[in-house]
Amino acid sequence: MPKPERHVFVCTQIRPQGHPRGCCNDRGGKDVVMQLFNELEQRQLIGTVNVTETSCLGPCPLGPMMVVYPDAVWYSRVKEDDVTEIVEKHLVGGKPVDRLKVPEELWG
Ligand code: FES
């Protein structure tokens, strides 16, 4: 098995309806995962890029959350329609998509 160049984690946490933090599943996390697999499959990048669904990554109101390692780039409010850009620019081109990065203030 080849060592992956990148590993993408996408939150698909499920919480009960009405939970104060909400959840990435309700915000479309699963759609993001499916689109990511589709894009990677089309480019024959499965294995070069690994994808793992995760439970909560922390900043729930900013979900769906995505984290790309080893770059340690955190994306927020990722929509299905954003996935092509992330794959082309970041996972293939190596340049993170700045407009989708979490606000720096999050880390204060
Ligand atoms: S539920 Fe996805 S970051 Fe918390």
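Author: Keep in mind that this is a predicted model.

Reader: Which residues touch the most other members of the largest nonpolar core?

Author: The general idea first: in soluble globular proteins, nonpolar side chains tend to be buried together. Here the largest such core has 20 residues, and Val8, Val10, Val32, Leu36 and Met66 touch the most other members. Two or more residues each come from β1 (6-11), α1 (29-42), β3 (66-69), β4 (73-75) and α2 (83-92).

Reader: And the sheet? What is the strand order?

Author: Strands of a sheet pair through backbone hydrogen bonds, either parallel or antiparallel. In this case, the sheet is open, has 4 strands in the order β2-β1-β3-β4, and its pairing is mixed. β2 (49-54) and β4 are the edge strands, each pairing on one side only. From one strand to the next, the twist averages 20°.

Reader: How many bridges join β1 to β3?

Author: There are 4, and the two strands run antiparallel. For an example, look at His7, whose bridge partner in β3 is Tyr69. α1 packs on this sheet, touching β1, β2 and β3, and its direction makes about 155° with that of β1.

Reader: Zooming out, in what order do the elements run?

Author: From the N terminus, β-α-β-β-β-α. The radius of gyration is 13 Å, close to the 13 Å that the globule rule gives for 108 residues, so the chain is as compact as a globular protein of that length.

Definitions and conventions:
Residues are numbered from 1 along each chain as its sequence is written. This is a predicted model: local features need pLDDT of at least 70, side-chain atom pairs count only at pLDDT 80 or more; totals for chains, interfaces and linings use all residues. A nonpolar core is a set of buried Ala, Val, Leu, Ile, Met, Phe, Trp, Tyr and Cys residues joined through C-beta atoms within 7 Å. A residue is buried if 20 or more other C-beta atoms lie within 10 Å of its own, exposed if 12 or fewer, and partly exposed in between; C-beta atoms are placed from the backbone. The radius of gyration is taken over C-alpha atoms; the globule rule is 2.2 Å times the number of residues to the power 0.38. Two strands pair if DSSP finds at least two bridges between them. Axes are lines fitted to C-alpha atoms, for helices over the stretch in contact, and angles run from 0 to 180 degrees between N-to-C directions. Two residues are in contact if their C-beta atoms, placed from the backbone, lie within 7 Å.
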